[in-house]
Amino acid sequence: MGPHCSTLFYINNRIRQEIFAVGLWPRKIRLSCFTMAAYLTGLLPCRSANRAMMVLALLFCTSAHGLTEVPRTFDELAQLSELVIVGTVKEIRSEFADNGPDQNIVSYVTFDDLQLVKGDSAAPEYVLQVPGGVVGRFAQDYPGLSVFRTGQRYVVFIRGNHHDFFPVVGVTQGVFRVLTDPQGQQVVVRDDMAGHAGQRRALSTVIQGAPTLDSFVQRIRAGLMPVAPAAE
Amino acid sequence: MKAAMNRLRRPLGAAALLLLPALAAGYAYTAPTPDGQGIQQNQTSGPPIIWYVPQQSFVFNFEADFNTQAISAMNEWNAVGTPMQWHLGTAAATPCNSSDNFNSAGWSNTTCDNKSFGDAVAVTKRSYEKIGGTWYLTDADIVFDHSLAWQPQFSGPLRNNEQDFHRVILHELGHALGLDHPDDAGQAVTAIMNSKTGEIDSLQQDDKLGINKLYPGSLTSAGNTANQITPSRGGVGDGCWLMPLLALAARLRRRTAWNDALRLNQ
């Protein structure tokens with residue numbers, strides 16, 4: 001194993017950790033993607049075991065820096081949110097907002113079957129107000145925002161509901177979809193990695209290496225734990 | 001056999017690497033839902049939703065240096081040479097005021113629905129209307145979070161706590177054309193339209209393929225040239241005289257429907 005391959009092995013371990021930390025990839029990893037492709041295709045020597053890891057890593061080659069949204073770490077998602085819910089979209093209702101000549105359309109997304117990971121709410125349902133929607137022959141959208149689907153189960157890091165433009169920490173970064181893997185386990189994937197009606201990545205690809213819902217929730221709660229003071 | 005495979009592995013690997021970008025070409029756009037009743041982002045096949053008239057004006061409400069960068073971004077899209085051409089509007093128009101019949105962009109302390117930006121740094125609002133059974137883009141407005149530290153333009157890697165206005169307006173004008181994020185559609189391509197692009201600060205091949213998909217046909221084959229605007233040149237470009245009338249008609253239709261919707265809610 002050459003020195004470059006050793007470096008990549010380290011990077012792969014970082015990627016494995018980041019996959020568990022739900023896909024907030026360090027930018028330097030993306031810079032290595034082309035090199036990893038070279039190893040994978042045999043242009044550069046590398047162990048088979050490492051190649052297998054790289055296949056997984058390449059699936060997640062992407063930058064950490066959003067163009068139009070403030071990048072957030074996973075712990076920031078947990079800490080900055082007012083409420084973290086696991087819930088299923090029961091209903092989406094759109095209407096023109098009564099706020100003057102701008103004629104904005106807003107949608108109300110109702111979640112039920114709630115599991116509260118952070119925050120207080122005794123209500124059996126939670127309604128999230130998001131911009132855009134369809135009213136009759138009129139529609140409005142905001143490119144890049146997560147679009148919720150009826151019947152889909154999500155984990156959502158909520159902040160500023162009814163106040164913020166899109167009341168999710170990190171905009172799209174704070175929306176995760178709960179999917180079921182072939183073993184029947186509930187796993188969690190980033191919303192922009194998951195597929196709808198075959199338009200995005202194949203389900204088998206998306207859920208590969210995805211954390212289970214239980215471990216994901218534990219990870220959130222661990223991020224909310226107060227840090228113990230350093231020993232004197 | 002195994003030896004032969006081993007001999008072929010590296011050349012095949014090299015060929016695969018070279019072919020990868022071409023195979024991965026995959027812009028994304030907004031299209032009607034299968035039942036035609038709504039719209040859906042991040043589509044890669046089927047008919048896209050585009051502007052009814054492929055000549056649109058845009059009003060920029062920034063300071064001089066930023067307006068220059070916005071015009072430069074507009075020119076980059078125009079230079080692709082599709083029939084869809086941006087023109088510079090000079091009327092007084094502010095972002096989000098749908099009553100002024102202009103597409104516009106500017107600074108704001110809130111988004112178009114009077115909300116806090118949250119973690120968004122710039123937001124494009126697109127409006128659509130179904131006309132004769134087909135969805136069309138009818139309005140686009142872009143607002144930038146004024147509270148952030150914006151630089152008119154810098155090249156290369158992004159900087160901490162500093163936003164490059166040029167690459168963001170270039171990206172947002174792509175949205176105003178009808179393009180979405182290819183990476184949100186599961187595509188792995190190099191594009192200014194990616195949601196998570198860092199170092200890219202100009203149009204890439206995939207962006208150009210995308211606008212050609214939305215507005216097929218060559219502008220130059222019809223004897224026209226791409227509209228290139230200089231910052232000192234004002235006025236709405238050729239072919240734009242129709243837009244205010246169309247926009248007014250759309251406005252009247254929207255106003256009626258809005259009033260109807262309000263009545264229904266009361």
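Student: What does Gln185(A) touch, not counting residues up to four places away in sequence?

Tutor: In this predicted model, Gln185(A) touches Leu179(A), Thr180(A) and Thr212(A). Contact here requires heavy atoms within 4.5 Å.

Student: Why is Gln185(A) called partly exposed?

Tutor: Its relative accessibility is 40%. Buried means under 20% and exposed means over 50%, with partly exposed in between. The value of 40% therefore makes Gln185(A) partly exposed.

Student: Where is Gln185(A) placed in chain A?

Tutor: Gln185(A) is in the loop between β7 (175–180) and β8 (186–190) of chain A. These two strands form a hairpin with five residues between them. Gly184(A), in the turn, has a positive phi of about 85 degrees.

Student: How do you know that β7(A) and β8(A) pair, and in what sense do they run?

Tutor: A pair of strands needs at least two bridges. Five bridges join β7(A) to β8(A), and the strands run antiparallel. Val178(A) stands opposite Val188(A) in β8(A).

Student: What makes β6 of chain A a partner of β7(A)?

Tutor: The requirement is again at least two bridges. Strand β6 (residues 153–158) and β7(A) have four, in the antiparallel sense. Here Val156(A) stands opposite Val175(A) in β7(A).

Student: Turning to chain B, why is the pair of Phe62(B) and Phe144(B) called edge-to-face?

Tutor: Ring centres must lie within 6.5 Å to pair, and planes over 60 degrees apart count as edge-to-face. The centres of Phe62(B) and Phe144(B) are 5.4 Å apart and the planes stand at 90 degrees, so the pair is edge-to-face.

Student: What makes this pair a link between distant parts of the chain?

Tutor: Phe62(B) is in the loop between β3 and α2 of chain B, whereas Phe144(B) is in strand β7 (residues 134–145) of chain B, 82 residues apart. Phe62(B) and Phe144(B) are buried.

Student: How do you know which class the pair of Trp150(B) and Phe165(B) belongs to?

Tutor: The centre-to-centre distance is 6.3 Å and the planes are 85 degrees apart. The limits are 6.5 Å for pairing and over 60 degrees for edge-to-face. The pair is edge-to-face. Trp150(B) is in strand β8 and Phe165(B) in helix α3 of chain B. Trp150(B) and Phe165(B) are buried. Ring pairs link these two residues into a cluster that also includes Phe62(B), Phe66(B) and Phe144(B).

Student: What makes Arg159(B) count as lying over the face of Phe154(B)?

Tutor: The distance criterion is CZ of Arg within 6 Å of the ring centre, and the direction must be within 35 degrees of the ring normal. Arg159(B) lies over the face of Phe154(B) at 3.9 Å from the ring centre.

Student: How do you know that the span of helix α2 of chain B is close to the expected value?

Tutor: Helix α2 (residues 64–79) has 16 residues and reaches 22 Å from its first C-alpha to its last, close to the 22 Å expected at 1.5 Å a residue. The buried residues of α2(B) include Phe66(B), Met74(B) and Trp77(B). Elements of chain B against which the buried residues of α2(B) pack include β3 (55–61) and α3 (165–177). Gly81(B) follows α2(B), with a positive phi near 90 degrees.

Methods. Residues numbered from 1 in each chain as written. Chains lettered and ligands numbered in written order. Predicted model: local features only at pLDDT ≥ 70, side-chain atom pairs only at ≥ 80, totals over all residues. Heavy atoms only, no water. Expected span 1.5 Å × (residues − 1). Buried < 20%, exposed > 50% of the residue type's maximum accessible area, 1.4 Å probe, protein only. Phe/Tyr/Trp six-rings, centres within 6.5 Å; stacked < 30°, edge-to-face > 60°.
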